[in-house]
Amino acid sequence: MNNTIKQILGTALTQLGWDQHAPVIVTKTKNAEHGDFTSNIALVLSKHVGLPPMKIARKIHDAIIDSEVTRIEVAPPGFINFYIASDFTETIKKIINNDSDFFRPNIGENKAVYLEYVSANPTGPLHVGHGRSAAYGSSLAKILSSTGFKVHTEYYVNDAGLQIDVLTTSLWLRILGLTPPKGCYTGDYLVNLPTKPEWTTAVPQILESLLQKWNEETATDLTPKLIQLCKDALGKHYDEAKQWIVHEITTQIKQDLKQFGVEYDHWFHESSLLDNNELEPVLDLLSQQDVIYEKEGAQWFKSTKHGDEKDRVIKRSNGVWTYFATDLAYHHKKLSNPNTQVLDIFGADHHGYTPRIKSGIKALGHDEQNFKTILIQFANLYRGKTKISMSTRQGQFVTLENLYKEVGVDAARYFYCMRKSDQHLDFDLELAKQNNNKNPVYYIQYAHARIKSILAKNGQYIPSSKHFLHPSDTEVELLDALAEYPTVLIKTAQRSEVYQWTQYCYRIATHFHRYYNNTQILSDDSQERYHRLLICFLTAQCLSKALENLGINAPESM
RNA sequence: GCGCCUGUAGCUCAACUGGAUAGAGCAUCGGCCUUCUAAGCCGAGGGUUGUAGGUUCGAGUCCUACCAGGCGCGCCA
């Protein structure tokens, strides 16, 4: 319809000789008093043509040969408003037939999207901070799939690097019955694990003095010594213990996410890149581009060449690859197919990392258009008015598992997604648990349950567009909202803004509750009853599909 | 200190990316159940969009400065 109006305007402008100045923009109005569609073209042309906007608008108005449009009005300061007679029968048929143009509009055209999200280090259980990425990422995956993208989801497991050594060392200290010092992983989750007896070594003498020293000075550079001590003590069992604890924690994370409605196509291990020697070729490639140099025994990448604020080490002076090196190889691998879009969802604290990886991708010759990062701001957890601290260091954080067990998966997922991802989010545990109108999740689910209850009460109802009569005002509003389904879904997908979809779900629910209170669905008049049952049916269809895109249940009863 | 993000009703957030009278929910106050789920609906009050300039037909949205808050600035990941 939008394009039809553009064409109508276009021909009018050609006739007036004003078609060269600016592109015609037609938008949906927010206010019904302004018609259904509006164009600001007269305002834009004003300067070029040298006439006041209202005059231009009237000339355009007069030049339009009216066809599908029922009414055209000119409104100050110079808008041209179009009124369209709404016809819902097409929409109704599409919803009844579960039409894919309506519920799964294909804008992706099967383009591959690699979506990486959460990817928390396997050094402890997921906490509430990870929940937002999990809920957001998995919802986005569903939304992108619903719009014709071929989505491939991955969790990047950081199972190489220093932190894993710290983790292994922390485990070892726990096995010895000691409390790991700060800087190590001090959480209780490392206590009483079913470890192997051979990992219980004798406590080395220097260990105690080392720990003592640690508590006195606040030095952090004692970590390598501690790790070395652990390696020496465990000997050949060190790697075994390391792999075991990573596997143990990863398994736990996997289970947590699964219960939270999050599953991945692939769990990609950082260590596999090292095992398969995939880093040297990347370094060679970069060297050929002349963006690698040696300084103080380390290999540096000139990331400043493509916008980073300083150059980065890619291989340390001790010969060990940095995290950046493996991550770059990982992205290189994903981007090897030029028709693939790579999407990374980062915690907002990683925003400084983006220029670095972008720079690397450019240097490797990839199209930067194919790579995009989405930043997720932190969620502040509240219990009523009280803010709950989630400091990971002290190991006193609220785990994701505790959260969804307390408030439920549906409420948790909705709350995590209800705000713009790059905005801070206040997550109120008390509110998420409440079963009333304060809680948007229940409000939406209640609308669906109400419909199901009515349909059940009526007995069998087979929907048909033939049941549709002339709609009332509240019905028109509701149907307008339902008809928006594909448009809103496309917008949500294009902008990767999941919160738009949560708002859409809420909007459908609002219109339905209003309608329900205003209208007796199960009327004695059978024609009227079928018409109203049809509208209920359509609403339930849209609601359940919409909630599915967020991984939230549409309950039959509540 | 430098860089990125944010500042909108008492609170939490929108505003379709520069459009018309800045909108929702919560909280507050007032109405609606002998009828399909009141976990609902209807109504009222509440604003100098952090401050000061600028850009133009038109600014919450763009540019500059300042104020306030968050995050980042390792041969960590």
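Mentor: We'll go through the sheets, then some helix packing, then the aromatic rings.

Trainee: What am I looking at, and how is it numbered?
Mentor: It is a predicted model, where local features need pLDDT of at least 70, side-chain atom pairs count only at pLDDT 80 or more, and totals for chains, interfaces and linings use all residues. Residues are numbered from 1 along each chain as its sequence is written, chains are lettered from A and ligands numbered from 1 in the order in which they are written, and side-chain values use heavy atoms, with hydrogens and water left out.

Trainee: OK, sheets. What is the strand order in the parallel one with 5 strands?
Mentor: S7-S6-S5-S11-S12, and the sheet is open. Strands here are DSSP runs of E, at least two residues; helices are H or I runs, at least four; both are numbered from the N terminus. Two strands pair if DSSP finds at least two bridges between them.

Trainee: Which strands are at the edges?
Mentor: S7 and S12 (371-376), each pairing on one side only. The twist averages 25° from one strand to the next.

Trainee: How many bridges join S11 to S12?
Mentor: There are 6, with S11 covering residues 340-347. Phe 346, for one, has Leu 375 in S12 as its bridge partner.

Trainee: Which strands does H13 touch?
Mentor: H13 (residues 323-334) packs on that sheet and touches S5, S6, S7, S11 and S12. Contact means heavy atoms within 4.5 Å. The direction of H13 makes about 160° with that of S6. Angles run from 0 to 180 degrees between N-to-C directions; axes are lines fitted to C-alpha atoms, for helices over the stretch in contact.

Trainee: And the antiparallel sheet, what's its order?
Mentor: S8-S9-S10, 3 strands, also an open sheet. S8 (292-295) and S10 (312-315) each have a single partner strand, so one side of each lacks a neighbour in the sheet. The twist averages 45° between one strand and the next.

Trainee: Switching to helices. At what angle do H21 and H22 cross?
Mentor: Roughly 160°, with the axes coming within 10 Å.

Trainee: How do H6 and H20 cross?
Mentor: At roughly 120°, with the axes within 9 Å. They are therefore oblique to each other. Ile 143, Leu 144 and Ser 146 in H6 meet Leu 489, Thr 492 and Ala 493 in H20.

Trainee: Last one. How many aromatic pairs are there?
Mentor: The whole structure has 28. Rings of Phe, Tyr and Trp (its six-membered ring) pair if their centres lie within 6.5 Å; planes under 30 degrees apart are stacked, over 60 edge-to-face, the rest tilted. Tyr 117 and Tyr 264 have ring centres 4.7 Å apart and planes at 35°, so that pair is tilted. The two residues are 147 apart in the chain.

Key
Angles under 35 degrees count as roughly parallel, over 145 as roughly antiparallel, 65 to 115 as roughly perpendicular and the rest as oblique.
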